[in-house]
Amino acid sequence: MSEYQRHSHEFPPVWDKQSRILILGSFPSVKSREEGFFYGHPRNRFWKVLSAVLSCREPASIEEKKEMLLTHGIALWDVIAVCEIKGSSDSSIRNVIANDFTELLQQSQINAIFTNGKTAGRLYHKYVEPTTGITADILPSTSPANAAWSLERLIESYREKIVQFIS
């Protein structure tokens, strides 16, 4: 069984002044930390879901992913800046220091925040919402661990929630 390790979030958020919604994960997986970008595990369905919702080709490179997000007014980051975690296990996260969302929220047009999964939602509510005053809407996790949700169900759920903010 892997041991707890203290990790810092190593890569910056994706956003610009035209960003209208913010999607937050909890903390990057081992694979994402190795890649240096969000949702790097090949079985995570985030990029498949988002490209289907946005009716565009699934991005392959980090640059294509950034372009897809920014073109559609989507900012992407994680709730946690520093934590102790066992591997990629969200349920093991402890000793959290949250990211500071002040600059991102003040210098963009973000008017809705969504979390990718319940853990990100719980962490946002506990550590970030008291300072932002903005409630986050919890979307189902795109993680392969969330096997109860088919790709089709994820796409429909994300479409139902976020399309109104990016159209």
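This is a predicted model: local features need pLDDT of at least 70, side-chain atom pairs count only at pLDDT 80 or more; totals for chains, interfaces and linings use all residues.

Q: Back up into H3 then. Which of its residues are buried?
A: H3 spans residues 62–71, and its buried residues are Lys65, Met68 and Leu69. Down the helix axis they fall within an arc of 95 degrees, so they line one face of H3.

Q: And which exposed residues are on the face turned away from that buried side?
A: Glu63, Glu67 and Thr71.

Q: Let's look at Leu50. What does Leu50 touch, leaving out residues up to four places away in sequence?
A: Ile23, Met68, Leu69, Ile74 and Ile162.

Q: How many residues are in the largest nonpolar core?
A: 45. Leu50 is among those with the most contacts inside it, along with Leu22, Phe38, Trp47 and Leu76. As a general point, nonpolar side chains tend to be buried together in soluble globular proteins.

Q: New topic: strand E6. How many of its residues are buried?
A: 5 of the 5, across residues 112–116, so E6 is largely enclosed by the rest of the structure.

Q: Which residues sit on which side?
A: Ala112, Phe114 and Asn116 are on one side, with Ile113 and Thr115 on the other. Both faces are covered.

Q: How does E2 pair with E6, parallel or antiparallel?
A: Parallel, with 4 bridges joining E2 (residues 21–25) to E6. Leu22 stands opposite Ile113 there. Leu22 also belongs to the largest nonpolar core.

Q: And how many bridges join E6 to E7?
A: 4. E7 covers residues 136–139, and the two strands run parallel. In that pairing Phe114 stands opposite Asp137.

Q: Last one, Ser92. Where is the place of Ser92?
A: In the loop between strand E4 (80–85) and strand E5 (94–98).

Q: Why does Ser92 count as buried?
A: Because its relative accessibility is 6%, and the cut-off for buried is under 20%.

Q: What does Ser92 touch, not counting residues up to four places away in sequence?
A: Tyr4, Glu84, Ile85 and Lys86.

Definitions and conventions: Residues are numbered from 1 along each chain as its sequence is written. Side-chain values use heavy atoms; hydrogens and water are left out. Buried means under 20% relative accessible area, exposed over 50%, partly exposed in between (1.4 Å probe, protein chains only). The arc is that of the directions from the helix axis to the C-beta atoms. Contact means heavy atoms within 4.5 Å. Two strands pair if DSSP finds at least two bridges between them. A nonpolar core is a set of buried Ala, Val, Leu, Ile, Met, Phe, Trp, Tyr and Cys residues joined through side-chain atoms within 4.5 Å.
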